[in-house]
Amino acid sequence: MTSTTTRHTLWAALPLALVAVLVLLPVAMVVAVGWGPDALPVLTAPSTWRVIGYTTFQAALSTIGSLALAMPAAYALYRLRVPGRRMWLAILTIPFILPTVVVGLAFRELLPFPGTTAAIVVAHIFFNVGLSIRVIGSLWGHLDPRLEQVGASLGLNPFTTFRRITLPLLAPAISAAAILVLLFTFTSFGVVLVLGDPALPTIEVDIYTRAMQRLDLTGAAVLALVQFVIVAAAIVVSSIMSDRLAVRQRLGDDEMTRRLPQSPIERVATGYVVVLAVAVAVPMLSLVVRSLRVSDGWGFAWYAEAVSPTEGTTRSVSALSTLTRSLEYAGLATVIAVFLGVIATAGILAARRRGRWLDGAVMLPLGVSAVTVGLGLLLLSVRGPIDLRGWTVLVPLGQALVALPIVVRVLLPVLRSTDPRMRQVAATLGAGPLRAWWAAEGPIAARATAVGAAFAAAVSLGEFGATAFLVRLETPTAPVQIVRLLGRPGEANIGVATALAVLLLLLTVIIVSVAERIRPRRGGGW
Amino acid sequence: MRIFTLGVAAAALALTACSSPNTTGAQSSAAADSSSSAALQNATVRVLTHDSFALSQSVIDDFTAETGIAVEFIPAGDAGEMVNRAVLSVGAPEADVLYGVDTTLLTRAVEAGVFAPYTSPDAGALRPELANLGVGVVTPIDDGDVCINVDDVWFADNGIVPPATLDELLDPAYRGLLVVENPATSSPGLAFLLGTIARYREGGDGVTESWIDYWAGLRDNDVLIVNGWSEAYYTEFTGGGGGGDRPLVVSYSTSPPAEIIYAEGTPPDRPSTSTMLDSCYRQVEFAGVLAGSDQPEAAQRVIDWLISPQVQADVPLSMFVFPARADTPLPDVFAEFVTRPQVPLELPADVIAAQRDRWIEEWTQIVLR
């Protein structure tokens with residue numbers, strides 16, 4: 001038994017080392033460049049602390065807003081029988097996987113106050129409200145309704161029942177949702193770049209401007225390190241907090257606890273879901289409408305313009321070619337991400353005891369943000385030993401590292417929950433180890449891998465943070481081209497940008513709905 | 001196939017013959033010329049440039065017809081952004097030639113090793129005051145003055161006397177009227193910052209002690225900062241046609257004639273904007289061959305072409321800058337509506353190289369706090 005485990009570990013070691021090197025190398029470069037005496041002037045500059053403060057401020061506002069708007073909807077969707085529940089949930093969750101620059105552009109054209117903190121916060125809520133609903137609702141739906149009934153029978157009014165009984169029971173889910181939204185909004189890049197005030201950068205935007213516009217690679221690396229430390233601290237604090245908040249309770253079946261809305265409050269909550277879903281759909285629809293608005297009325301002029309290049313301008317690269325390139329890169333990134341993700345997942349499962357550590361390493365890109373991955377790979381080429389500039393694989397590699405945590409998150413719970421007895425049964429029926437594995441876990445593993453691949457493709461297609469650092473001038477991806485077009489004056493540039501954004505949006509939605517369709521129903525995860 | 005091989009052999013022979021002194025010199029050198037231009041035939045030289053680049057298509061077509069070299073211009077954002085891209089891709093360049101690096105950024109690019117040294121045989125034809133700039137590495141192509149532009153119509157309508165000096169911009173009467181580009185991201189923005197430093201540095205002749213105080217004063221007088229020139233001029237400036245509300249903008253001394261050339265319908269007799277000469281900073285733009293280009297020879301021909309009389313004559317009205325080549329005729333609108341400052345603000349290249357990044361950092365902390 002022991003020898004089998006040792007052999008497993010050895011067998012897993014080599015490919016795992018490859019994954020570890022690929023994942024850790026960019027981070028190591030950031031540490032190598034950012035760690036040292038050069039960091040001091042950056043760390044002591046008041047402007048640095050202003051940037052950190054502002055980043056925290058907007059992230060806190062966005063988190064509070066997302067949770068506040070999510071709570072009533074989570075209640076309605078997970079405690080009540082709302083007609084069309086799956087559709088509302090789908091609509092509310094779509095924004096989470098949309099390309100950030102597309103969302104930034106949609107709000108830039110829709111809101112009367114672009115270039116403000118309010119605009120950033122609104123876009124962040126748009127992104128994260130669905131995620132918050134799912135995280136909070138998945139616990140709420142399982143709460144034993146009898147506890148609340150006891151509260152009512154003791155004469156507590158509904159509000160007090162909620163405050164004294166429901167809220168403490170929900171605390172673990174609320175804090176989990178809060179920390180997720182906080183992480184996403186703290187490291188948000190594309191939205192802030194497109195929608196924010198240039199005089200008020202967040203850490204991510206400042207890393208980008210320092211590296212790409214002011215050529216201050218050291219300062220960029222220092223800020224990336226600062227951000228990493230803050231994010232790591234937040235994760236540690238949250239895990240301590242979630243241990244404390246955890247309430248030992250018997251959970252019910254969510255299908256059973258749901259009931260038809262009766263009281264006025266329940267009806268209002270149901271109506272609220274519809275209002276929220278409409279509010280989430282409006283920016284996406286308005287982008288489509290905006291792309292059809294041309295100088296003299298309505299039409300497909302911007303789409304026609306997107307097909308043909310205009311010499312000597314930013315549009316000398318046709319918008320359509322950037323979309324094809326994005327698809328090519330996303331395809332390559334998906335292959336890399338799935339390859340690395342399968343190895344990493346297998347490794348985590350094989351080396352169970354050390355799995356937690358490995359789990360953390362693979363999740364690193366999520367914690368260190370896409371911008372840090374991009375900066376790390378750039379530093380690797382400019383200051384480090386491996387020059388990847390000009391290689392086609394550079395951009396897909398960055399995208400794959402950003403998508404990797406999602407692939408692992410999809411694969412891990414599914415494979416973890418497979419029953420080892422299935423394999424034993426296959427073995428007793430005379431199957432070899434590989435065949436036994438395939439018979440027992442093959443179909444579900446293949447499906448989970450396909451779902452992981454689809455999510456990796458969707459993420460890579462809209463990826464902007466890492467790509468912005470790595471993309472070559474002559475071969476922009478669609479999100480990069482959108483941002484370039486927005487940086488130029490003139491109606492045609494914005495028009496083509498919106499047309500391109502709509503096409504990107506459609507592609508992403510198609511990929512993700514395919515993923516939703518093939519998603520295995522057991523195992524959970526995201 | 002055999003004929004082709006023979007042809008190559010003959011060309012090679014001709015080349016060797018050319019390097020040895022013999023009587024058939026004239027004939028061999030003609031053969032060498034044709035073989036060399038055969039190598040350049042079908043070459044496509046990629047020119048990295050800023051977004052403000054423009055040249056008449058006919059001028060470009062003539063060059064291609066003459067030499068067989070196709071030229072592709074790749075806009076890479078503002079001049080600062082473009083130079084940073086070139087620095088980050090040293091050794092693996094994204095193009096063969098870089099056009100549009102200016103005096104404020106030249107040292108950054110040269111020190112990073114962006115350029116392969118080249119001196120055009122035509123460099124002697126440049127204006128004498130430009131001839132000693134970038135020697136041996138890059139070639140001056142044009143120059144211009146970054147100045148505050150004034151919307152005279154707005155000031156007349158509002159019954160305010162427009163400011164005439166940098167000092168006067170601190171006057172509360174001009175509160176909230178000025179829009180400036182961010183020097184970290186914009187070349188004219190950086191030029192204007194350098195201009196104020198040239199004026200208000202320790203030992204300068206201004207009323208404030210240092211440039212830092214000057215900018216604190218501008219900030220307190222509600223200066224607006226935007227990322228790039230287009231946004232400043234077309235969106236925020238009252239005279240740019242974009243419905244802005246700031247009648248003072250950092251732009252070029254050639255913006256007023258541009259207004260006439262680009263006017264829709266009947267052009268006005270004279271521009272509605274003017275330049276504040278006290279604020280002008282001289283900016284020279286250079287072109288160079290990018291180190292690591294795999295077709296340096298064709299790239300060098302493009303540099304020669306950029307200072308040829310034909311391109312130089314086209315430069316004023318396509319990019320609204322002054323040609324670097326001496327004796328290039330200027331269009332009428334330039335002669336009529338552009339005043340070049342007698343003594344423009346300037347800083348030595350080595351001072352800029354040593355201090356620029358610190359200045360931008362300090363500026364960021366004062367103005368964008």
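User: What makes the largest nonpolar core a core, and which of its residues touch the most other members?

Analyst: A nonpolar core is a set of buried Ala, Val, Leu, Ile, Met, Phe, Trp, Tyr and Cys residues joined through C-beta atoms within 7 Å. In this predicted model, the largest one has 160 residues, and A:Ile136, A:Leu375, A:Val407, A:Ala456 and A:Leu500 touch the most other members. A:Ile136, for instance, is in contact (C-beta atoms, placed from the backbone, within 7 Å) with A:Ala70, A:Met71, A:Ala74, A:Leu170, A:Ala173, A:Ile174 and A:Ala177, leaving aside residues up to four places away in sequence. Apart from that core lies another of 93 residues, including B:Ala123 and B:Phe286.

User: How should I read the names and the limits of the model?

Analyst: Residues are numbered from 1 along each chain as its sequence is written, while chains are lettered from A and ligands numbered from 1 in the order in which they are written. Local features need pLDDT of at least 70 and side-chain atom pairs count only at pLDDT 80 or more, whereas totals for chains, interfaces and linings use all residues.

User: Is A:Ala90 buried or partly exposed, and how do you know?

Analyst: A:Ala90 has 15 C-beta neighbours inside 10 Å, so this residue counts as partly exposed. A:Ala90 belongs to helix α4 of chain A, residues 85-97.

User: What makes B:Phe320 buried or partly exposed, and which is B:Asp222?

Analyst: B:Phe320 has 24 C-beta neighbours inside 10 Å and therefore counts as buried. B:Asp222 has 13 other C-beta atoms within 10 Å and is therefore partly exposed. Neither is a glycine, yet phi is positive: near 55° for B:Phe320 and about 65° for B:Asp222.

User: Why are α10(A) and α11(A) given their relative direction?

Analyst: Axes are lines fitted to C-alpha atoms, for helices over the stretch in contact, and angles run from 0 to 180 degrees between N-to-C directions. Under 35 degrees counts as roughly parallel, over 145 as roughly antiparallel, 65 to 115 as roughly perpendicular and the rest as oblique. The axes of α10(A), residues 203-213, and α11(A), residues 217-245, come within 7 Å and cross at roughly 160°. Therefore α10(A) is roughly antiparallel to α11(A).

User: And what about α4(B) and α5(B)?

Analyst: Here α4(B), residues 79-88, and α5(B), residues 103-111, pack at an angle of about 5°, with their axes 10 Å apart. That is why α4(B) is called roughly parallel to α5(B).

User: How do you know which part of chain B has a pLDDT below 50?

Analyst: pLDDT is the predictor's confidence in each residue, from 0 to 100. Chain B averages 84, and 87% of the residues score at least 70. Over residues 1-35 of chain B, however, the pLDDT is below 50. Where pLDDT is low, the predicted coordinates should not be read in detail.

Key: A residue is buried if 20 or more other C-beta atoms lie within 10 Å of its own, exposed if 12 or fewer, and partly exposed in between; C-beta atoms are placed from the backbone. Two residues are in contact if their C-beta atoms, placed from the backbone, lie within 7 Å. Helices (H or I, at least four residues) and strands (E, at least two) are DSSP runs, numbered from the N terminus.
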